[in-house]
Every structure is written in C-alpha cells, then in structure tokens.
Amino acid sequence: MNAHVQPQPVPGSGIARGDVLLQVDNVSLSFGGVKAITNISFDIRKGEIRAIIGPNGAGKTSMLNVINGFYHPQEGTITWRGEKRRKMKPYEAASQGIARTFQNVALFRGMTTLDNIMTGRGLKMKKSFFWQCLHWGPALTEEIEHRRRVEEIIDFLEIQAIRKTPVGRLPYGLQKRVELARALAMEPDLLLLDEPMAGMNLEEKEDMSRFILDVNQQFGTTIALIEHDMGVVMDLSDRVVVLDYGRKIADGPPEEVQANQDVIDAYLGVPHG
Amino acid sequence: MAGSPVVERLDEDTFPKILLRNARVFADRPSIREKDLGIWQTWTWAEVLDEIRAFSIGLKQSGFKSGDKIAIVGANRPRLYWTMVAAQALGGVPVPVYADSVAEEMVYVLQHAEVRFAAVEDQEQVDKLLSIADRLPLLEHIVYDDTRGLRDYDHTRLHSFEGIQDEGRKAVAADSGAIKAWEAGIAETKGSDLAVMLYTSGTTGQPKGVMLSFDNLVISARNGNTFDKLDEHEEIIAYLPMAWIGDHVFSLAQAYTAGYCVNCPESVETVLSDRREIAPTYFFAPPRVFEGLLTHIMVRMEDAGKLKRKLFDYFLDVAREVGEPILNGEQVSFGDRLKYRLGELLVYGPLKNQMGFNRLKVGYTAGEAIGPEIFRFYRALGLNLKQLYGQTEASVYITMQPDGQIFGDTVGTPAPDVEIKIADSGEVLYRSPGVFVGYYKNEEATSSTKTAEGWVHTGDAGFIDDRGHLKIIDRAKDVGKLQSGSLFAPKYIENKLKFFPNVKEVVAFGDGREFSGVFVNIDLTAVGSWAERNNVNYASYQELAAHPQVYKMIEEHVDQVNRDLASEPMMAGAQIKRFLILHKELDADDGELTRTQKVRRSFIAERYAPLIEALYDGSKTCHVRTEVTFEDGRKGAIEANIQIRDMKTYEPVGGITREAAE
C-alpha cells in the first residue's frame with residue numbers, strides 16, 4: 001500500500017492554480033417550455049472544490065450536463081480553459097478533460113472493477129484498432145502502461161480486494177468508489193461528481209469524503225460536486241453556489257452561504273400570508 | 001533438507017549479524033515480497049541489506065542512539081520489518097504495537113515503553129500518533145511508509161521512510177567509512193541484548209511489556225526450524241499483527257535464521273487471494289481462520305451443482321476415513337489409496353489450490369482449541385496441520401505436535417529444549433532458552449510469573465496424558481465449580497458449541513452458580529447463507545439473531561453439546577440449562593474481545609449483567625440497551641428484547657460414542 005502517486009504538476013495547460021478554469025456566463029437552458037436553468041453565471045477556479053447545491057429540481061444536474069458539454073445552452077456562454085465553447089459531439093466533449101460520475105451508478109455491471117476502470121483510459125489509447133486486435137508489440141506496451149496507471153488508482157482508492165470482482169456483485173458504496181476510479185482514470189482537469197454520497201451510510205460517506213479531499217490534494221484535480229448532505233458540503237468545499245428553481249440565489253464560501261437568508265428560505269420554505 | 005550447515009552455525013547470534021550473513025550466503029534468494037500495484041515486488045537478501053543499511057544509517061543521523069526504543073505501528077509491510085532490524089543494528093529496541101488499537105489504547109504502551117521514535121505505516125497512524133503527541137513528551141520523530149495524504153503536514157518531526165534512507169545514503173557517499181562503522185556497530189551486538197519488546201494484549205489489566213533477548217528468539221527460532229525441517233526454500237505469508245509474538249517469530253526470527261521468504265499481502269482484505277497466489281509452504285493461523293475457511297467452503301458447496309456436490313461429499317467421506325492414516329504413514333489398503341489418489345485429483349487438489357495450501361509443508365494453529373471436526377477435515381485432505389501451544393513469554397514454543405503423533409485433543413509434546421511440569425494446582429509450568437528476560441519496568445509481575453529457577457507460570461490448567469502429550473483444559477483461574485460441586489470449565493463448553501459452523505462465539509457462565517448458562521453469537525456468514533436458502537428475511541444481525549428458526553437451530557446444537565457432555569463423567573454436571581443469543585456481535589472495538597479475538601469473559605459479565613441475571617432468575621425475555629463504539633470512535637446504542645431458552649439435560653451415561661459434531 002505504498003503510495004506511488006507523486007505530487008504532479010497541476011494539469012491543464014497554462015492555467016495556474018487559483019485562476020478561472022471554467023466560466024459560466026448568463027446561461028439559460030430550457031426543454032421546450034420548461035426552463036431548467038435561467039440566466040446563471042459563476043466560475044470554477046483551478047484546484048478548488050466547488051459545490052453546487054439546491055433543493056430538488058433546482059437544476060443542479062442540468063447545470064452539470066451543461067458544464068460537461070452534454071447539453072448546449074440556448075443562451076449564454078461557457079468558457080473552458082479560456083476558450084469559448086461551441087456545440088460539441090459527445091466524444092468531443094469527452095476528450096475535453098472533464099470526467100464525471102453519475103447520480104445513479106452507471107457502470108458495466110457484468111465487467112470487473114479493473115475492466116470498468118480500464119474503460120476510463122479508452123480515450124487515451126492511441127494505437128490503431130489493428131494493433132489492439134493483435135494485442136502484441138506496441139499495443140501491449142501501451143496497455144501495460146495504462147494498466148499501471150489504473151493500478152495506481154486502485155491503490156489510491158484502496159479497492160485492491162475487488163479488482164477482479166464483477167461490479168454488479170459489489171455493495172453500493174463500493175460501486176460509487178469504482179465509478180470515481182473510472183472518472184479518475186481519465187486524468188481529468190475537472191471532475192464532476194453528481195451526488196457522490198447518495199445512499200451511503202456514515203462510514204462510507206466518511207471514506208468518500210477522504211478520497212475526494214485526497215484526489216484534490218494529491219492530483220490537484222479541480223472538483224465540482226452536487227451533494228445533498230450539507231455537513232459534507234460545508235466540510236469539503238471551498239466555495240458553494242446555490243440554485244433554486246433554475247436561478248442562482250447565492251455564491252460564496254460555505255459559512256457565508258449558510259448564513260444567507262435566501263438560502264435558508266429556499267431550503268426551509270417561507271411562511272405565506 | 002535440514003538446512004545448510006551455514007544455518008546451523010551459531011556465531012550469528014543477533015538479527016543484524018544474521019542479516020549480514022544472509023546477504024552473503026543467500027544474496028540472490030528472495031527475502032521479502034510485497035504485492036503492490038497488483039504485482040509481487042521482490043527484494044533479495046542483498047537488496048534488503050542495502051535498504052536496511054541506508055535506513056539504519058539515516059536513523060542514526062537523525063539522532064537514534066543505542067538503547068532507544070522505536071514503536072512500530074502498522075500492517076505487515078516490508079519497511080516496518082526492516083525498521084526493526086535497522087534499529088537493532090544501532091543497539092535500539094523495536095516495540096511493535098497493535099495497529100488497530102485506538103489512540104487511547106496506544107498511549108499507555110508508548111508512554112510505558114518510553115519510545116523516542118515511531119515508524120508507522122500511513123496517514124491514519126500518523127494522525128493517531130499526532131493526536132496523542134502531547135501526552136508523549138519523549139516521542140521525537142515519526143517515520144512513515146506510505147506518503148499518501150501527508151504532503152501538507154508539518155515535517156519538522158515527520159519523515160518519510162525514503163527521506164531517512166536518502167540521509168543514510170548521503171552519509172555513506174560522503175564518508176567511505178560509514179558502512180564499516182555501521183558493521184562494527186553490529187559486531188558489538190550480543191545475544192544477551194534486548195531484541196524486542198512485545199506488549200501482551202492483556203486479557204486482564206494493563207498490557208505488560210515482555211522483553212525478549214536475541215538469544216531467546218534466535219535459539220527458539222532455530223529449534224523451530226529444525227523441528228519442522230524448514231530451510232531457505234520456504235514461503236510464508238505475513239498477515240497476523242506485527243505486535244504479536246507469533247508473527248514476530250514466524251515472519252522475522254525464523255525467516256532470518258532459516259533464510260526463507262516472507263510475503264506481505266496487498267491489503268488486509270486481499271489475504272485470501274494473495275495466499276492463493278503465493279501458496280505458502282509454512283503457514284500459521286489461529287483456529288478461527290481455519291474455521292472461517294471451512295465455513296466459506298461449505299457455504300459455497302451448498303450453491304454448487306448437483307454433480308459437484310455429490311463428488312465433494314463422496315470423496316470427503318473417503319478422505320475422512322483414510323486421509324489421516326495416509327498422512328500419518330500408517331498401513332492403508334491399496335484400493336483405499338487408489339480412491340484417495342482419485343479424490344486428490346478431482347476434489348482435494350482443487351480445494352487445496354482454492355485455499356492456497358497446495359504447497360503446504362506444515363501448518364500450525366494455536367491460541368485457542370480447534371474443533372476436532374475442523375482439524376480432521378484439513379488433515380484428511382492431506383494437509384499437515386498441527387497444533388502448538390505457546391506464549392509470548394516463551395518466544396512462542398512450549399509444546400508442538402511431532403509429525404505422526406497428532407491427537408486432536410492435545411497440544412503435543414514439549415518443544416526442543418523445553419522442560420514442562422505441572423504444579424499441584426494443575427497449572428502448567430515451563431522452562432526453556434526462549435523464556436523472556438522480564439516484564440519491562442514491572443518487577444512485581446516478573447517475579448510472580450517467573451520463579452528464581454527460571455520456571456514460568458502459564459496460567460493455564462492442564463495435564464500430561466499417558467502418551468506424554470500436554471492437554472490444556474482452560475485458564476487456571478477460569479476453572480470453577482457449580483454450586484453442586486461439579487467441575488465447570490467454561491472454555492471447554494464454549495469450544496464444544498463453537499465447533500458448530502453456525503456458532504461464532506460463545507460465553508459460558510456458571511462458576512458458583514446453580515447451573516451453566518451461555519450467551520451465543522451466531523455466525524453471520526453461515527446463518528445468513530442458510531437464511532437465504534430458506535427464504536428467511538432479515539434486515540440486520542440483530543433481527544436474524546432473534547429469529548425463532550435461528551433459535552431452534554441453536555437449540556439443537558446446544559442439545560447436542562449436552563448429550564456430549566453427558567457422556568463425559570467429569571463434565572456431565574456442567575450441561576447447559578439455559579441459553580440466549582446475543583443481539584450484537586462481540587467486538588474488540590467495544591472491549592468485548594481482545595485484539596487477538598479472545599473473549600474477555602469478566603468484561604462481558606459486567607457489561608451484560610442484566611442478561612446474566614435474567615439467565616438465572618428464570619425469566620423468558622430480557623430487555624437490554626448496549627452502547628457500541630463505531631470504528632471512528634463515536635458511540636451509539638443498540639436495544640433489544642432477548643429471549644432466553646430452557647434446555648433439557650441428560651443423565652450422565654458412560655460409554656456413549658460421540659456423534660459427529662455436524
């Protein structure tokens with residue numbers, strides 16, 4: 001269980017820690033008549049843990065889908081690494097350096113943990129289909145290199161014992177961890193976590209929090225997360241943005257957001273009449 | 001091969017000296033392996049010398065002096081083993097500490113041992129030590145193995161293992177005499193020097209620091225090697241706590257003296273699969289490991305196809321009949337041998353492979369009594385599983401079962417160089433070269449345990465049978481009497497019940513009382529699998545434990561034990577009259593078990609006093625509220641209504657043949 005993870009130079013070309021990595025400007029998104037997001041602006045800085053919170057239906061997951069390029073907003077702009085983003089095909093979005101995990105675990109249930117994580121490296125495999133079929137020579141060398149990176153992640157997330165276990169047989173908490181491992185395998189500049197602690201017990205939550213902090217510190221990965229457990233959000237994140245009915249109602253450090261009257265009203269409701 | 005002559009030479013009387021010899025004699029042979037990134041990384045003896053030397057010299061640079069103590073906290077990692085010998089080379093004394101003990105438990109040991117240095121595995125242990133640092137004024141430096149998460153810590157007192165090694169390598173590069181000086185320091189170490197201090201897990205009271213000299217360990221280890229013909233070709237797997245004498249002797253003392261290879265598993269959870277990959281030739285495990293393994297196999301066989309199950313059952317019967325005689329070298333008919341061979345091919349071989357035992361030369365179990373059925377199962381498969389009886393104070397070995405003389409109910413004959421006598425009280429005493437120097441800073445305890453002539457009180461009651469084998473009944477102080485005057489040996493009763501796969505733990509009460517009563521813990525793996533097959537739904541351990549059908553099942557087991565007890569004249573009076581199933585698993589975190597997973601009876605008696613009362617006042621149910629400690633130290637409570645069952649007892653009858661405990 002030695003750590004092999006050397007502190008790496010913060011990935012992302014030319015953007016220093018603390019600079020703006022992603023900028024969202026006046027973004028609106030609607031599905032037909034339903035307005036999911038209305039005129040939202042905020043930024044994510046390199047190296048921080050940014051939380052997006054809000055009551056159910058506030059538009060958090062839609063926001064995440066906008067950030068990773070799955071949805072293209074009707075209005076507003078998104079600036080990723082200093083470049084304004086145009087509409088992208090899914091595979092283009094995937095190669096942008098943004099990885100994510102899902103609210104409901106989305107793994108290949110019949111495949112082993114190891115194979116699932118290896119799929120995270122798919123985009124980084126450069127050898128041609130032909131070589132890969134042969135599974136020999138340069139393709140093998142490449143795969144060994146990728147396997148080494150995957151093993152580092154397995155070591156990092158302490159999932160050695162389930163390396164060869166089909167994911168479908170794992171308890172939920174571990175599946176979530178495997179999903180995080182797969183996202184990490186992409187070596188993303190920005191990691192999006194959609195409710196990483198949902199459905200976990202206290203011990204699993206603590207483990208997951210530890211891993212999120214470690215990922216942030218060791219790899220320097222910028223993290224944006226959606227989470228309902230306020231304790232976790234307040235402890236982990238550097239800055240929090242609060243959405244309600246598709247609008248931004250607060251943005252700032254956890255203490256400040258916690259004390260904000262609008263936020264309290266949104267969560268607890270306001271007396272009418 | 002009884003070890004090459006070099007191994008027998010006794011000039012090397014300390015581990016640092018033996019290290020220098022092994023690096024010369026076994027230079028390219030593997031010394032230690034660690035599974036890392038999914039691959040077994042190997043260090044040869046020559047490489048190990050290089051690693052230890054660099055670390056040792058680096059340690060000296062940071063102020064480590066002769067006589068200093070260094071705490072070792074963590075799971076079995078090569079670097080932690082190296083740290084022990086590196087410290088010994090400087091005249092220091094390693095003090096391994098149980099890594100899973102919480103900070104509070106650690107304070108006492110670290111204060112008592114006066115450690116100046118600590119070598120720990122990872123961030124978890126660093127955090128633990130830093131949290132109690134203000135109560136350890138003597139602790140100056142902490143060295144850690146795994147750098148993960150520690151980058152932003154204050155590094156004035158904290159050092160990485162590599163950092164210290166770099167210091168050492170720099171010192172060697174700067175001064176060509178550094179290596180000579182280091183080796184000269186090793187030449188000064190003597191066999192009578194203190195080698196290690198091991199704190200006993202303490203079934204009662206505060207832990208005591210057992211001081212063992214190099215002579216104690218080296219001579220005992222060499223005796224052990226000769227007894228079982230172990231040499232540099234053995235492979236073992238290091239997975240038991242480093243603070244425990246067994247691991248210290250098997251993974252360090254015997255490994256160094258014989259020159260064999262120690263394999264460190266990837267993590268605690270992967271031990272089973274790592275063992276399968278390594279296939280150790282020499283293996284030690286407490287009975288619960290063998291029990292767990294057997295339960296695991298039986299549970300999996302229940303889910304196997306019909307043909308496989310038939311084959312398994314048939315050949316297991318063959319093995320039960322002829323396996324042991326074959327292993328013991330007795331006369332067996334040709335037809336039976338042929339059947340056994342076929343079984344080996346179809347069932348035993350693959351089974352042993354699954355368990356990682358297909359290269360096993362000799363396996364030991366000790367610490368607690370092992371169920372006769374379990375013991376026989378492994379031996380029937382052709383595995384040379386034996387029992388030994390040992391103690392920290394004896395550098396492990398007191399008695400061992402010699403090949404060919406294996407009896408399930410005894411722990412064997414005295415180990416080489418060991419003398420044994422039984423006191424009038426029935427307590428077992430021994431004297432041997434492995435007998436400890438004394439308890440650290442505890443003259444009183446030393447003199448009450450060790451007599452002036454060197455005899456040591458084991459605290460166990462037992463007798464030597466007509467075959468010359470020692471038989472242990474129970475802890476001397478635990479053997480009591482019922483009000484009726486009949487003998488009450490709690491462990492004897494507990495073990496009988498524990499031999500059922502469905503039962504994980506038992507606590508028996510009865511000393512000075514009217515009759516024997518027991519608390520039962522069900523085995524979640526076995527009973528859970530049974531529940532799944534029988535469509536019994538349950539949400540928690542607590543619910544399953546209280547299920548009427550589970551009660552019925554345990555009732556049958558208790559009944560069987562009572563029949564057994566009735567057939568033994570000495571024990572017949574102690575049949576179980578009432579029992580209950582506990583609502584939670586006994587746990588070391590709650591103080592109910594020791595760190596080596598032994599039941600702390602007196603603590604449990606205190607904690608569950610209302611339950612014991614209910615056991616004896618005839619009530620049918622009892623309400624309890626129990627405080628539990630979670631892994632992170634927080635506390636919670638479990639409440640339950642526990643049912644208590646009455647049992648039928650039998651008239652003592654002689655001559656009834658014992659039925660198989662299945």
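Hi everyone, let me start with a helix pair: H13(B) and H15(B) cross in a left-handed way. Before I go on, please keep in mind that this is a predicted model.

So what do we know about that pair? H13 of chain B covers residues 306–327 and H15 of chain B covers residues 372–380; their axes come within 8 Å and cross at roughly 70°. Since angles of 65 to 115 degrees count as roughly perpendicular, that makes H13(B) roughly perpendicular to H15(B). On the H13(B) side, the residues that meet the other helix are Ala319(B), Arg320(B), Gly323(B), Glu324(B) and Leu327(B). Their counterparts in H15(B) are Arg376(B), Arg379(B) and Ala380(B). By class, this contact has 4 charged residues, 3 nonpolar ones and 1 polar one.

Staying in chain B, let me turn to a sheet. S15(B), residues 396–400, runs antiparallel to S16(B), and 2 bridges join them. If you want to find that spot on your screen, look for Thr399(B), whose bridge partner in S16(B) is Pro414(B).

Now, over to chain A. The UniProt record, an unreviewed entry, places "domain: ABC transporter" at residues 22–270 of this chain. That span is 39% helix and 24% strand, and its end C-alpha atoms lie 34 Å apart.

Chain A has an open sheet as well, with 6 strands in the order S6-S7-S8-S3-S9-S10 and mixed pairing. The edge strands here are S6 (98–101) and S10 (247–252). On average, neighbouring strands of this sheet are turned by 15° against each other, direction ignored. S7(A), residues 190–194, and S8(A), residues 222–226, pair in the parallel sense over 5 bridges. Within that pairing, Asp194(A) has Ile226(A) in S8(A) as its bridge partner.

Two helices to point out on this sheet: H6 of chain A, residues 172–185, packs on the sheet and touches S6 and S7, with its direction at about 175° to that of S6(A). H10 of chain A, residues 261–268, also packs on the sheet, touching S9 (239–244) and S10, and its direction makes about 130° with that of S10(A).

Last stop, the place where the chains meet. How many residues of chain B are in contact with chain A? There are 17, and they contact 18 residues of chain A. And what kinds of residues are on the chain B side? That side has 11 charged, 5 polar and 1 nonpolar.

Thanks, happy to take your questions!

Terms used: Residues are numbered from 1 along each chain as its sequence is written. Chains are lettered from A and ligands numbered from 1 in the order in which they are written. This is a predicted model: local features need pLDDT of at least 70, side-chain atom pairs count only at pLDDT 80 or more; totals for chains, interfaces and linings use all residues. Two residues are in contact if their C-beta atoms, placed from the backbone, lie within 7 Å. Ala, Val, Leu, Ile, Met, Phe, Trp, Tyr, Cys and Pro count as nonpolar, Asp, Glu, Lys and Arg as charged, and the others, Gly among them, as polar. UniProt positions are given in the numbering used here, feature names are shortened, and annotations may be inferred rather than shown by experiment. Helices (H or I, at least four residues) and strands (E, at least two) are DSSP runs, numbered from the N terminus. Axes are lines fitted to C-alpha atoms, for helices over the stretch in contact, and angles run from 0 to 180 degrees between N-to-C directions. Angles under 35 degrees count as roughly parallel, over 145 as roughly antiparallel, 65 to 115 as roughly perpendicular and the rest as oblique. A crossing is left-handed if the near helix is turned anticlockwise from the far one by less than a right angle, and right-handed if clockwise. Two strands pair if DSSP finds at least two bridges between them.
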